[in-house]
Structures are given as C-alpha cells and as structure tokens.
Amino acid sequence: MDSTEHRPRAAARAASGLLATGLAVAVGHAVAGFVAPGSSPFLAVADSVVDRAPAAVREATIDALGTADKPALMIGLAAILVGTGVVVGLVERPRRPAGSVVLAAFGLIGVLAALSRPTAGPAWAVPTILGAITAIAALRAMITALLPAPSAPVRPYGAVVAIDPRDRDQRAPDRRRFLVLAGSAVAAIAAAGTVGVALTRRAADAVAERTGLRLPRVAAREAAAPVPAGVVPDAPGVTPFLTDNADFYRIDTALRVPALSTADWRLRIHGMVEREIELDWQALVDREARERIVTLTCVSNEVGGDLVGTATWTGFPIAELLAEAGPLPGADMLLSTSVDGWTAGTPLDALTDGRDALLAVGMNGEPLPFEHGYPVRQVVPGLYGYVSATKWVVDWEVTRFDRASAYWTDRGWAERGPIRTASRIDRPAPLAELPPGPTVVAGTAWAQRRGIDRVEVRVDDGPWRDARLADEYSVDTWRMWSWVWDAEPGLHTLHVRATDSTGRVQPEERRPPVPSGSTGWHNRTFRVVAA
Ligand SMILES: Nc1nc2c(c(=O)[nH]1)N[C@H]1C(S)=C(S)[C@@H](COP(=O)(O)O)O[C@H]1N2
Ligand SMILES: [Mo]
C-alpha cells in the first residue's frame with residue numbers, strides 16, 4: 001500500500017481501537033446504571049481484582065499506597081484498557097478482525113467478572129455484552145472506512161479489463177466517513193459516560209457507605225438467644241439453620257435494586273395517627289436495637305420450594321415506632337411503601353401483638369445487603385413477605401383494609417397472608433440413586449407463630465412414621481427433622497407432612513401459591529439399587 005499513507009493511517013487505526021474500547025466501557029457503565037451498579041464491566045473487573053488479590057498483595061499495596069489503593073487500581077486498569085485499545089485498532093483488518101476478537105475476549109472477562117460478583121444475577125452479563133457489541137460494531141465501521149477491502153475482483157469484459165467504479169471507490173480510504181464515525185464515537189462515549197456516572201454515582205456512594213457502616217450496638221439483653229447445636233440433625237448435607245445472606249432467596253419487583261443511602265433515607269409515619277413522625281437514620285439507630293432470628297417465607301413458594309430462609313435480623317420494634325405516632329381507633333392496616341413504589345398492607349395487630357416485628361437494618365450481622373432492602377426493611381414473623389416484609393421502606397401510612405390495598409392484593413392475592421404450615425424433604429437429593437440400608441432422610445418444616453409439633457414421613461403407600469424433630473429455636477423459625485429409612489431396592493416415593501402446635505395436620509390437597517400460599521405434601525422419589 002501507499003507508504004505516505006502509512007503514518008496517519010496507523011494513528012487513525014489506533015484511535016479507532018481506543019474509541020471502540022472507550023465505547024465498550026462507557027456503554028457498559030451506562031447500561032449498568034439500569035441493571036445494578038456492580039454489573040458495570042469496569043467496576044466488576046476492579047472488584048474482582050480486589051477480591052482475588054492474595055491477601056499479602058492486597059496488604060502490601062494498601063501499605064504502599066494507603067487509601068489510594070482503589071484509585072491506583074482504577075488507573076492501572078485504565079492504562080491496560082488504553083494499551084489494549086491501541087493494539088485492538090492496529091491489528092483489526094476488514095477481513096481479519098483480530099481486534100474484534102480481542103474486544104470479545106475482554107468482553108468475556110467482563111462478563112465473567114460481573115457474574116462472579118456475590119450478588120450477581122444473569123442480568124449482570126447484559127451491560128458488558130451490550131458494551132462489547134457496540135464496540136465491535138464501531139471498530140468494524142471505522143476500520144472499514146480506513147482500510148476498505150477490495151470488494152470484488154476486477155472483472156474482465158472480453159479483452160478489455162474494466163474496473164467497476166464502485167469497486168474503486170470502495171478501495172480508497174473514506175476519510176470523511178472515518179471522521180464522522182470517530183466524532184460520533186466521541187459523542188457516544190461522552191453521552192453514555194455521563195448517563196452511566198449519573199446513574200451509578202449515588203449507588204456507588206451507597207455502596208461505599210454500606211461497606212463502612214457499623215450496625216447499631218445490641219445490648220446483651222436484646223441479643224438473639226444463642227442457637228443450640230441441636231437445632232440441626234446430626235447428618236452431613238442438611239440445610240443449615242441460618243441461611244447465609246448470599247444464599248438467601250430474593251423476591252421483589254425491582255428491575256434496578258434501589259441504592260438508597262442512610263443519608264437519604266427517611267421514614268414518614270402518617271395517616272390515621274395522632275402525630276405524624278418523620279424519622280431519619282440517626283433518629284432510628286439512636287433507639288435501643290434488638291436482634292431476633294426469624295424465618296421469612298414467600299407466598300409464591302411451591303410445595304418443596306426454597307423461597308424460605310432464616311436470618312438473624314438486627315432492628316427496632318415496629319410496635320414502639322407505631323406507638324409514638326399513636327394509631328387512631330378504627331385503623332387496622334399499615335400500608336408500607338418502598339422507595340421504588342412497591343406497597344404492602346400489614347394488619348396492625350400483627351405489628352403490635354408482641355411478636356418480634358422489626359424495622360430491620362442488619363441481616364446476619366451485616367448491614368442489609370442492597371437486594372434485601374438496604375438500608376431499612378420490615379421483618380414480621382408469621383406473615384408472608386408480600387404483606388409484611390417491605391424492603392427499602394420509606395413510608396408508613398396507618399389506614400384501614402377497607403380504604404387501601406397494596407401491590408399484590410391489587411393483583412389477585414389474598415389481603416391477609418398468614419404463613420401456612422409446610423414441610424420439605426432436603427436430602428437425599430432429588431432422584432438420587434441410593435444403596436440399600438439405613439439412609440438419613442432430612443428436611444425442614446415451618447409454621448411461623450404456631451411452631452411445628454410433629455413431622456411424619458411415609459414410604460410409598462406405607463404407614464406414616466414419626467420423624468425425629470431437631471430442637472425448636474422458636475415458633476417463628478423453621479424446625480429441622482430427620483428420619484432413618486431402611487431403604488429397600490426399588491423405586492420409592494417418600495412423602496412428608498407436618499403438624500403445627502395447634503394440632504392441625506398440613507393438608508394433602510395440592511393448591512397453587514395463588515392466592516394465599518401453596519398447600520400439599522412434598523414428595524421425592526429415589527431409586528435404591530444394590531451394589
Ligand atoms: N420493596 C419491595 N419489598 C418487598 C418486595 C418487593 O417486591 N419490593 N417483595 C416482598 C416479597 S413478595 C417477599 S417474599 C420478601 C422477600 O424478601 P427477600 O428478597 O429479602 O428474601 O420481600 C418483600 N418485600
Ligand atoms: Mo413473596
């Protein structure tokens with residue numbers, strides 16, 4: 001090719017690569033603003049590097065750089081991206097898209113980093129994928145403008161060799177087109193970058209704040225009773241009594257997890273009250289905190305499902321806050337609203353009858369994870385989450401069931417949502433192939449507020465047998481059980497059913513979760529084969 005064209009063209013190609021890489025980061029960051037801040041490719045990779053760095057390296061860099069280790073990491077990553085961008089531009093050819101392959105590989109790293117974050121869901125891959133696709137499309141367009149590929153060979157017409165004029169045009173670099181493309185890329189980076197920063201800054205602030213937040217101190221008399229070892233059966237692989245935050249089921253309508261900081265949090269208590277109250281974070285945490293272990297359950301849980309979990313919650317009694325506002329006679333519902341507009345209607349008596357209904361700020365000793373309602377949510381023993389467990393709660397209206405309705409009740413779910421008695425087989429795993437002989441079958445059962453008094457297991461059409469109940473922690477937590485089955489060869493189906501402390505046996509009839517929670521006995525089938 002023409003050597004006089006070489007230098008400017010190399011610079012322009014490098015610029016193409018840089019712009020494409022910049023687009024990937026900016027578009028990824030902007031889309032992350034709508035998904036979750038942590039899903040931004042740049043932030044996800046930075047966070048993954050921090051998490052994966054061996055402790056010694058981490059400490060050495062923090063020693064050397066003090067608190068500048070985060071900015072230093074960011075600058076390091078930015079430098080790697082600039083270098084990569086230049087290379088991407090220089091190696092890309094219209095017919096040999098090596099630069100595009102490098103961008104795709106970086107995209108894959110970004111996707112893996114985002115998906116490996118502790119709270120990631122499948123949607124966390126989207127920002128990086130969209131960023132990478134935009135970048136590759138832009139790179140291809142710019143490089144094609146700079147290095148047009150001869151599209152069709154020169155066609156011979158009889159003895160005369162004619163050059164199709166369109167082919168000739170396509171062979172000349174189209175500087176104007178390149179400049180338009182590059183200018184658009186700069187504008188797109190600026191726009192996406194601005195959107196991304198605007199959308200993620202508050203979130204980033206909240207993330208930083210949460211990391212440094214100390215939970216309110218809990219006086220010894222308000223601490224949760226210790227969990228005795230006997231609350232879980234002594235067998236390998238049983239469901240733990242306390243559910244880790246990372247394993248805790250998550251149900252909400254939020255496409256974007258709200259990132260509300262404690263500084264921006266307020267709770268307005270109004271409606272049928274003697275005094276309207278507005279609480280800020282400090283006014284909340286200045287109160288006496290308590291800690292309680294409560295099992296939360298989702299009304300959408302199918303028979304045998306896992307939309308149930310138990311955590312130690314740190315918070316403040318809802319009853320005391322309500323008492324300060326002074327509900328007026330005739331009020332029977334607390335309509336709570338989250339910062340993203342979701343609502344729940346909770347019977348006032350469930351909040352004031354002495355049960356441990358909490359305005360919670362901590363979950364298993366940590367500030368609430370964002371997905372679980374940071375900075376403040378409700379936890380009410382005995383009621384399904386859709387009528388009680390408002391996350392990111394900012395508004396309480398004391399009202400009446402005949403005047404107000406809430407998000408899910410407007411969509412056909414029951415107005416009141418007491419938790420039904422349920423039981424579940426957790427081990428052996430579904431469809432497991434087992435050797436004959438004694439086999440530990442274990443699981444959990446719950447009937448919050450009432451407590452579990454009995455769990456029975458049945459093999460095929462045999463008689464019901466009493467399972468061994470693990471210790472009860474409280475009537476508001478699930479109760480584990482185990483049963484030793486003398487497994488005989490063949491295909492066997494085990495059923496489980498629980499009885500609550502009122503003597504009511506869990507009904508056999510299978511009903512779907514709508515409108516007030518599923519019913520029916522859970523079963524699992526196993527094949528027992530002699531070795
Ligand atoms: N703001 C808000 N809070 C909410 C919901 C919601 O969609 N939005 N879902 C509720 C439902 S249906 C349940 S079961 C619980 C689940 O809480 P978790 O995600 O912390 O497990 O949150 C409740 N709180
Ligand atoms: Mo739920």
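Which residue in strand 15 is the bridge partner of S423? I looked it up and found A445. I note that this is a predicted model, where local features need pLDDT of at least 70, side-chain atom pairs count only at pLDDT 80 or more, and totals for chains, interfaces and linings use all residues. Residues are numbered from 1 along each chain as its sequence is written, chains are lettered from A and ligands numbered from 1 in the order in which they are written, and side-chain values use heavy atoms, without hydrogens and water.

I traced an open sheet of 4 antiparallel strands in the order 13-15-19-18; strands are DSSP runs of E with at least two residues, helices runs of H or I with at least four, numbered from the N terminus. Strand 13 (422-427) and strand 18 (468-469) are at the edges, each with a single partner strand, so one side of each has no neighbour in the sheet. Strands 13 and 15 (residues 437-446) pair over 5 bridges, where pairing takes at least two DSSP bridges.

Aromatic pairs. I counted 10, with ring centres of Phe, Tyr or Trp (its six-membered ring) within 6.5 Å; planes under 30 degrees apart are stacked, over 60 edge-to-face, the rest tilted. F241 and Y473 have centres 5.6 Å apart and planes at 50°, so I logged the pair as tilted. These two residues are 232 residues apart. F241 is buried at 6% relative accessibility, and Y473 is buried at 18% (buried is under 20% relative accessible area, exposed over 50%, partly exposed in between, with a 1.4 Å probe and protein chains only).
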